[in-house]
Amino acid sequence: MKIDPMKYVNRKKDRELLSRRQVMDLLYRNLSLVQEFDDSKLDIGVMSNKYCDLAVKRGYRNYRIGTVADFYRLEVFASVSKYLRDFVNDNGVFLVVFNTLSDKPISCVFRSLVGKDFIDLSLFPCPYGLDLFEESFTYGDTLVISEGIYDADVLRSLYPNTLAIMTSSVSVMMGEVLKTLTDHFILCFDNDSAGARGLEVSEKRLKRVNKDCVVEVLPIYSGDKDIGELEDKVFFREIDGDGRLDRETFYRTHLSSLVVKN
């Protein structure tokens, strides 16, 4: 039986709807860190999700667990889209990965803990991970660019100055943003035809906004689809410890030859 939570929300006529920024601020301040969430009363284990496993393993504090009860408690149901209400209602418990700028949430991704469903919520287009750079990062230092959040956060354990563009290629608008950060890029995209096309398009667009920038490519370990398999294959127990070490050595070796710091 599917229940529409909006039927049970006390909607006062004089209640003002919250802005998208207010909704994200409330969720960011009040949802539990993955590391602190108690899933003992759930019929699913939070740590059986690869994103949650990564958050705990790497200490990522922008990964939060949300529940339908949180949406009631924080009174945000009336201020979000029907798509997000349906997602929250259908999943009950879910992961929220926040993207912050100066410790203020500017976007987030709601992900199912048991499936592949997700919903984005954002204030404006912005790459993921700006708040996770090294404090010493300065213009001219190397910036690694991946496609998705998981890939970026896996790679971040090897090189912290990493962003995800949240799509298959760098747009011209995104290129304008990236131009203000550095002029030296390493692209780390999926090892498939779409990734190859994304590499080609992204290099052209980065050079369109700064013809003097340096654009290089971090190769993917032979046989793997993307950088995320460095953790995936361990999480799903598909490789042993030596197999992971081989991959890590591969990426560290290539990064050491490509990364430039001022």
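Reader: Among contacts in the chain between residues at least 6 apart in sequence, what percentage join residues at least 24 apart?

Author: Please bear in mind that this is a predicted model. The count considers pairs of residues at least 6 apart in sequence, and it asks how many of these contacts join residues at least 24 apart. The share that does so is 69%.

Reader: How many helices and strands does the chain have, and what is its radius of gyration?

Author: The chain has 9 helices and 9 strands. For 262 residues the globule rule gives 18 Å, and the value for this chain is close to that, so the chain is as compact as a globular protein of that length. The radius of gyration is 20 Å.

Reader: What percentage of the residues of the chain count as buried?

Author: A residue is called buried when its relative accessible area is under 20%. The C-alpha atoms fill a box of roughly 60 × 45 × 35 Å along the principal axes. Of the 262 residues of the chain, the share that counts as buried is 50%.

Reader: Which elements cover the buried residues of helix 1?

Author: Helix 1 spans residues 20-30, and its buried residues are Val-23, Met-24, Leu-26, Leu-27 and Tyr-28. What covers these residues includes strand 2, helix 3, strand 3, strand 4 and strand 5.

Reader: Which residues are exposed on the face of helix 4 turned away from its buried side?

Author: In helix 4, residues 82-91, the buried residues are Leu-84, Arg-85, Phe-87 and Val-88. These cover an arc of only 160 degrees around the axis, which puts them on the same side of helix 4. That buried side packs against helix 3, strand 3, strand 4 and strand 5. The face turned away from it carries the exposed residues Lys-82, Tyr-83 and Asp-90.

Reader: Why do the buried residues of helix 6 line one face of the helix?

Author: The buried residues of helix 6, which spans residues 172-179, are Met-174, Gly-175 and Leu-178. They pack against strand 6, strand 7, strand 8 and helix 7. Seen down the axis of helix 6, the buried residues line one face because they fall within an arc of 105 degrees.

Reader: Which element supplies the largest share of the lining of the largest pocket?

Author: The largest pocket holds about 790 Å³ of space. It is lined by 37 residues, and the closest to its centre are Tyr-51, Arg-111, Phe-118, Gly-148 and Ile-149. At least two lining residues come from each of helix 2, strand 4, strand 5, helix 5 and helix 8. The largest share, 5 residues, comes from strand 4.

Reader: How many nonpolar, polar and charged residues are in the lining of the largest pocket?

Author: Here the lining residues are sorted by class. The lining has 9 charged residues, 11 polar residues and, as its nonpolar part, 17 residues.

Reader: Is Phe-118 buried, exposed or partly exposed?

Author: Phe-118 lies in strand 5. Leaving aside neighbours within four places in sequence, Phe-118 is in contact with Phe-87, Val-109, Phe-110 and Arg-111. Since buried means under 20% and exposed over 50%, the relative accessibility of 46% makes Phe-118 partly exposed.

Reader: Is Asn-49 buried or exposed?

Author: Asn-49 lies in the loop between strand 1 and helix 2. Beyond its neighbours within four places in sequence, Asn-49 is in contact with Leu-95, Ser-112, Leu-113 and Phe-235. Its relative accessibility is 8%, so Asn-49 counts as buried.

Reader: What is the phi of Ser-102?

Author: Most residues other than glycine have a negative phi. Ser-102, in the loop between strand 3 and strand 4, has a positive value. Ser-102 is also exposed, with a relative accessible area of 60%. Its phi is near 55 degrees.

Reader: What is the phi of Met-166?

Author: Met-166 is found in the loop between strand 7 and helix 6. At 37% relative accessibility, Met-166 counts as partly exposed. Met-166 is a residue other than glycine with a positive phi, near 65 degrees.

Reader: Which residue with a positive phi follows helix 4?

Author: The phi of this residue is near 80 degrees.

Terms used. Residues numbered from 1 in each chain as written. Predicted model: local features only at pLDDT ≥ 70, side-chain atom pairs only at ≥ 80, totals over all residues. Heavy atoms only, no water. 1 Å grid on protein atoms, 1.4 Å probe; cavity = no way out; pocket = protein on both sides within 12 Å on 5 of 7 lines; lining within 4 Å. Points joined across faces, edges and corners; volume = space filled by probe spheres on them. Helix = DSSP H or I, 4+ residues; strand = E, 2+ residues; numbered from the N terminus. Nonpolar A, V, L, I, M, F, W, Y, C, P; charged D, E, K, R; others polar. Buried < 20%, exposed > 50% of the residue type's maximum accessible area, 1.4 Å probe, protein only. Arc of directions from axis to C-beta. Contact = heavy atoms within 4.5 Å. Rg over C-alpha atoms; globule rule 2.2 N^0.38 Å.
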